[in-house]
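Q: Please take a close look at one part of this model: the place where two of the chains meet. Then set it against the other contacts and the nonpolar packing.

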Amino acid sequence: MIAQTLSGTFLQPTLAMAPDVPAGIGTGPKWVLLIPFLAALAACLNGVYAAMGNKTRLPAWTTVALLAVSFFATLAMAMGFDGNAYTVKAFDWIQVHGESASFIANFSFYVDTLTIYWMLFVTGLATLIALYASEYMNHDLGVSYCRFFAAFGLFVFSMACLVMGDNLVMLYLGWEGVGLCSYLLIGYFYKKPEAVAAAKKAFIVNRVGDLGLALGLYLAYVHFGTVEYSVLFSDEKLLAYVEAAKVGAFDQIPAMAQWIALLLMVGAFGKSAQFPLYVWLPDAMEGPTPVSALIHAATMVTAGVYLIARFYPVFLISEHALPIVAWIGTITAFLAATIGMAQFDIKRIMAYSTVSQLGYMFAGLGVLTPTGGAYHVLTHAFFKALLFLCCGAVMHGFAGQLDLRKLSGIRRVPGWGIVSLGMLVGCLNLAGVPFTAGYFSKDTILAEAFVTPGASMIGWILLLTAGMTAYYTFRVFFRVFVGPTHYEAGDDHHDHDDDHAHGEEHHHDAGEHGDHHADGFHPHAPGWAINTVLAVLTVASLAATGLYFVGGSKDLGYKTKHYADTMVSASTASYHSPYSAHAFHDDHHGDDDHSGDHADDAHKALAGVGPRGAIDEPLMLFGKDPHKVMYYVSGIVGAIGIALAWVFHYAGRKTAGECRMDGVARLFGPIPRWAENKWYVDELYDAIIRIPLRVASHLMHWFDKLVVDGLVNLAGMMPRVFGWFVRPSQSGVLQGYAAGMVGGVAILLVVIVLAVRLGGGS
Amino acid sequence: MENLISPIILYTFCVLGSAGFALALPRRGSKLVPLGMILLGSAFGMVAVSFIWRADRFADEHINGGGGPGLFFYVFAAIALGASIRVITHPRPVYSALYFIMTIIASCGMYVLLGAEFVAFALVIIYAGAILITYLFVIMLATQAPTGGQEGMLDETDAVAREPVVGSVLGFVLMGLISVMMLGGIDSVRPGASDFEPDAVLANLPGKVDKVLAREDLIAENERVLRAEDGGGVLDASARTITIENTELGTTRVIGSDNWPDELVAGNLDRLGWNLLHDHPMTIEIAGVILLMAMLGATVLARKHVELEEALKAEQAKRLGETTLKQQQPSGGAA
Amino acid sequence: MLTAGVSEYGLPASVLAPYLFVSAAMFVIGLIGFLTRKNLIIMFLCTELMFQAAGLALIAFGRHHLGEDGQTFVIFVLCVAAAEAAMALALVVLLFRRRETLSAEAWKELNG
Amino acid sequence: MNPIWLILMVLVPIAGALLVAFGNARNAYRDALFASFASLVPALMALLEFDFTDSASFQGLWSVGWLEPLGLSLSIGVDSIALLLILLSVLLGPICVLASKTAITENRRLYYSWLLVLQAAMVGVFASRDLILFYICFEFTLLPMFVLIRMFGSTNRVAASTKFFLYTFTGSLVTLAGLVYVVYFAAQRNGEWSLDIGVLTTAAAFMSPGEQALVLGAMLAGFAVKVPLFPVHTWLPLAHTEAPTAGSVILAGVLLKLGTYGIYRFAIPMAPVGFVEYAPTIAVLAVIGIIYAGLICWIQDDIKKLVAYSSVSHLGFCVLGLTAVNATGLSGSVLYMLSHGFSTGGLFLMIGFMYERYHTRDMRRVGGLASKMPVWSFFMVFFAMASVGLPGLNGFPSELLCLISAFQADASWVAAGEPGAAGVTLGPWYAIFAGTGMVIAAMYLLIMVGRICFGPLTEPEGHHAHDVLPDDLNLREIITLVPLAAGCLVFGLFPGLLLDAIQEPVNQTVRLVESAQELALPRPGAGPETDAGVLMILDEAGAEGANP
């Protein structure tokens, strides 16, 4: 049997499997499988190295090489893509063929433009960051080094399954797989209790989201009868629902179909660290910095965005899903920005900025611009990876020091030029300084928020957040990289305990050390691998700007603006906001008269609920094309933020630890401290979820012991009690037993005699 | 049942019997044993009289014959029951065993009356001869030597019955019930079939037939009785014919009922043997296994070295000490 | 009237009944003995008595039905009785050697 | 397939047990290992000879008469589900023996012979096609397990073994009553006594719904205790905690599955209407068990008790799948039976290996072992992840299918009368609440891994190195773990190996339940020809099980 199944899995030619592939979607070349499986191979090889006790940098080179091949395979896939989505099956995975319904989830991959778009930067960044890590993890050569790269490879494999999977179950596989790798890598320094706790927290919080995803999966299967994209997205029922949604006729769509999106959304919130499930991401910075860069900034956390983009039609048919996504994204963006402003640990600041930027992406998805969201994902991936890697280089060089009060003017330390330059480019992008990639991608979202009816509030909040982002970004830059040169070593290379960034006594410490360098500590400048990677990423971040101007296409029947737009529009995420298309192209003014007569007012509350086929108000901001207006507005807001950072953190700063901001912060009373402590959200969760559950667990434990088991023991006692009553009869005197027997026989005979008598009488 | 014995007599018997046993069972210093015996005798006598009185009347009413069981039965029954009463009422175990032999022999008499000669004699040999002798040995082995000064005084175990009243009443309640059960349906029982042919078993025993015929000179050297496995009518007990085959010629002839020898009858032993070995071979196997196991068990038990209990050890040591002391005292005096 | 030998008919009810009565009486006597006597040997004698009673009933019924099964069973009972006697007496000797008494009440603590 | 392989799978361990019992005590381990490996040979032959294209029908049928007037016979035969469970039992044999080499130092002959006897009994349960044989083997599994716990358990073993035995035995007696009623009913209906499971199944579907409910209740009394279902689960944590490692592995791997297998093989086919009627109630208990046991796991300090409670939680999914009574659910559930043993068995082995070195299972006294026992920690994390239900490992496909089935089995999307109408038992809420079990499982298992593997190294006071065993796992222990780990991975990535094999029998069961539903609740417009069709299906279902 095994032989049969195996042959059915690997050896049979593709054509023979044709019945599994629905009509309309072709099968692709088998070499596409290299992309995920090379990463898996890297993981396996590293496992073998670990078992063999390898103590060289071989694991790193293996991983980099295999991931590079994987990246080139992705490139080849992108080049060879002819515009028609296709699937590639590795082998049968979970198949249940019932008589009335079948459940089919194969280990197969679905390739369309969205997949390619995502995989390009996933594999590319993974290759670069693996190269970076080969130097960064140098201090741990041996089993730990292998362990790191094994998990790294496994992560890329899982991420590939997530992005390329042909069905929701594959997506779920990748989803949990990246969660596992995240768990393993956050807990890389497993002797540190904080790292272990952070790893655990990440996995468990993610699991809450995963539950939503799983339920969404079940509901999608139950409602549409399939979980395969190739079937699902061409499902007539779904298409009909989308048409209905476009005219706002949500009452024609079954509630169950609308629930799918709401459930999937929970999964996305978990993985992409959105409010209220964002608490795990800052803690996840306990992991090695390359991990933070790759997993917790560039790739894994964008999985939620990918999920919503991939299932955009499903989200469209849900009346409330997209508005909720938009609002949650906005709230997250704002909240994370406020916390980020008050942190002192530069890696944590980057973490909160990641959460905040993810909030932007969600808001973008929510205000009907999957393109904006996806474009921001791409730009963000580059510049945030760059920022993290720069922070990592600092941490690596300064023995784990991350406190911005203890570092200053690194720019002038020999060998730190590339790092500083990279940091500057990254900060410019993140702050949304005009003509950077971050500027264009953020503007797209902001503009869409303003043009989408009812979402202008979102736009204003996001605009404010943009200013705050610029401020805290350059706060880091001005404190750490420029100004008077000063640095203190961290206490341990491994042990970069973030608590040091908080406590009062460390403030005191900093003052004591004064301006001289601590104990003759010499930072070691990054080596060639780190510098190369930083240089490449710096260039890439700048080059990403170019993507805003190239790659537009008219093949899809309408004009797409740029590369990301093309890639998204050609995929299942294809959706063009009527508002945006309208404003941008400026050529359908006649439609303004189109009254939204089938759209009641309640639906206008927010774009997502509005009648998407109808244009209710002129899509203008200050009387201009919103995109053009936004160029100026956001540029100005960003500039204000940078200026504030300049004033408070650079101008006139003499030492590393003190700046004007300290005085300003005092004016706000306890608020900065609250923000620094993340608004006590963790404590809130502890109080309302963890502690009650733990109390419930203890109660249940006692209930189990006393009541459930108690009843059993009581039942077990019954014979004993009965025995206590009849024990005297067992006197041990032989004749007593015999007498009992005789008595018993006598009674039996009496019964028989009576029965015979009565029976005879009748 | 009323035809055989009146329920009133039966119940009276039970009451008298239980009273009798309650009195007759041994207890220290009891003077009422003779009274108990009298009660028991009267009880059994009453029943016997009732049976004898009713037997003829019963015969009239039933076509299947009737009448009482005859004088010998009453004699044997009286001996058997009397002896068995003494088995349980006699305080000395040796006498009990001897009375038990008497019971056995009387029972054997009844077996003979019932036409079961083999069993009767087997019983005498095995029971009275072997088992009871073993009992006697054990009684002698296991009876504690009476301690000094109390000779002639019976041990508590033998001299006093345990709750005689309860035991007797319980026993006779059961007696009443069994009697009612057994005699209640006696009216409707029908004795064995009228076509019963005791000699039919001879058909299965051609060897015996050969032998008898040869002794009577009814059969030549080269002839033999046709075997059942040869097919055909071999020996017809009801028609009283025997088919004989000439082994050399292969011809057959029939001995008619006129020539049927008087000695050719199937006795109790023939029928029992056939029944035992043909119809119940498994019984024999099981009996064999039981006896083997009993032998093994008895061997194992007998081999076991008995550890005396502490208290007993001390007592025996004391006793032994006393004896040796007694023995040593004179010698010590001599020294 | 003697009923030796084999007649054409089985034992009539009026003849059977006294035998059964004697059997029952003998059984009950054995039973009473078993219940009231303390000596283990006597108790075993009483069980033998009960065996005898059963044997008598079996033979009487066998005669009643004109078959030999009753006698066969009696032989079987005889075997069982013999086996029982062997085992029981061995046990009695063993027990006696341990406690120096034949009283059944000496072994009360075997009540489990 | 040749029935000799089935018979050999029973006889070889028994022969081994005799060899061990009467052999030299020093060779007990070696002989037991030999016997357990030897029984892999017939297992392999059975696997090779089994015709998987006809997996629903019973193969290797062999019957020997015994008291025929009463319908008693000893008959054996397996369909693919039974075969796979048998293979699981046989596979666990060498693993258990290997795992016990250093753990059991006294009374080895007793230990290994009972271990082998247990294996034979488990094979007997799954192989029997005769009710009496099934029941005898079913009960006989208790005895070796009782001895293993009683003689080789840890401190509280006497109470644990007694409770284990009495609890499960009491339940099983009620089950026997239910089974006997089915036999009686079948005898009334067919006019002759039969104890053949196929014959009984065919006849039992004609019981009235009331009778079916009673029979179901009786059967569940035994099977639910075995599973164990909340609230009759309290024997399990105790038994697991006290049992020796191999005992825990077998208990988790196979013995618990006797309960679910019993429900699948007897309760569903013999009381289909009753089962569908009461499925929601059973499912509620299962869901309560999932959450309740999961939360209790969370606060355990005794690592073995934690894993034991996690078994209760996990088996809840299995029962949930059964109560959905559709193809997805039954497939998932059977898959769960097969795969749960690998991950949980693995966890118990890990705990056993740790216990041998530290003589404690208290996570407050021992922890952070990753720095001292990296290989051990690797396997620990691996099995914990399999147990969490990580996709790609064995727990996931079955959990997924069970939850989907609960979701699927809702009246709102399967209208009565349509195909698949049999399973209108549950609904989304069941899946949602059961799904929280996934979160809870992640919680307690990761906390366990975090405490025992990660963090600063903690060792009990006065701990010194084991005189035989190295600090980390030795080769024997790794060899013991590898089959289980490989099973976790292979059945996670290629669940099709199992799913394809069990598809036909599962579909047939679903068909049977649907037919019985129609029989009991005739739809308007269903004429006699429908009934005839139903009868045909039922007869077919029974006939395939009946002996030639």
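A: In this predicted model, 96 residues of chain B are in contact with 78 residues of chain C. Contact means C-beta atoms, placed from the backbone, within 7 Å. Helices H2 (33-61), H3 (71-89), H4 (93-113), H5 (117-142), H6 (156-159), H7 (164-184), H9 (268-279) and H10 (281-303) of chain B each supply at least two residues of the side that touches chain C. H7(B) gives the most to that side, with 12 residues. Helices here are DSSP runs of H or I, at least four residues, numbered from the N terminus. By class, the side of chain B that touches chain C has 64 nonpolar, 25 polar and 7 charged residues. Ala, Val, Leu, Ile, Met, Phe, Trp, Tyr, Cys and Pro count as nonpolar; Asp, Glu, Lys and Arg as charged; the others, Gly among them, as polar.

Chain C also meets chain A: 10 residues of chain C are in contact with 9 of chain A. The chain C side there divides into 5 nonpolar, 2 polar and 3 charged residues.

Now the packing. The largest nonpolar core has 470 residues, and Ala385(A) and Ala406(D) touch the most other members. Helix H7 (residues 193-224) of chain A gives the most to this core, with 19 residues. Apart from it lies another core, of 114 residues, among them Ala739(A), Ile85(B), Leu31(C) and Phe34(C). A core joins buried Ala, Val, Leu, Ile, Met, Phe, Trp, Tyr and Cys residues through C-beta atoms within 7 Å. Buried means 20 or more other C-beta atoms within 10 Å of a residue's own.

Residues are numbered from 1 along each chain as its sequence is written, and chains are lettered from A and ligands numbered from 1 in the order in which they are written. Since the model is predicted, local features need pLDDT of at least 70 and side-chain atom pairs count only at pLDDT 80 or more, while totals for chains, interfaces and linings use all residues.

Technical notes: Two residues are in contact if their C-beta atoms, placed from the backbone, lie within 7 Å. A residue is buried if 20 or more other C-beta atoms lie within 10 Å of its own, exposed if 12 or fewer, and partly exposed in between; C-beta atoms are placed from the backbone.
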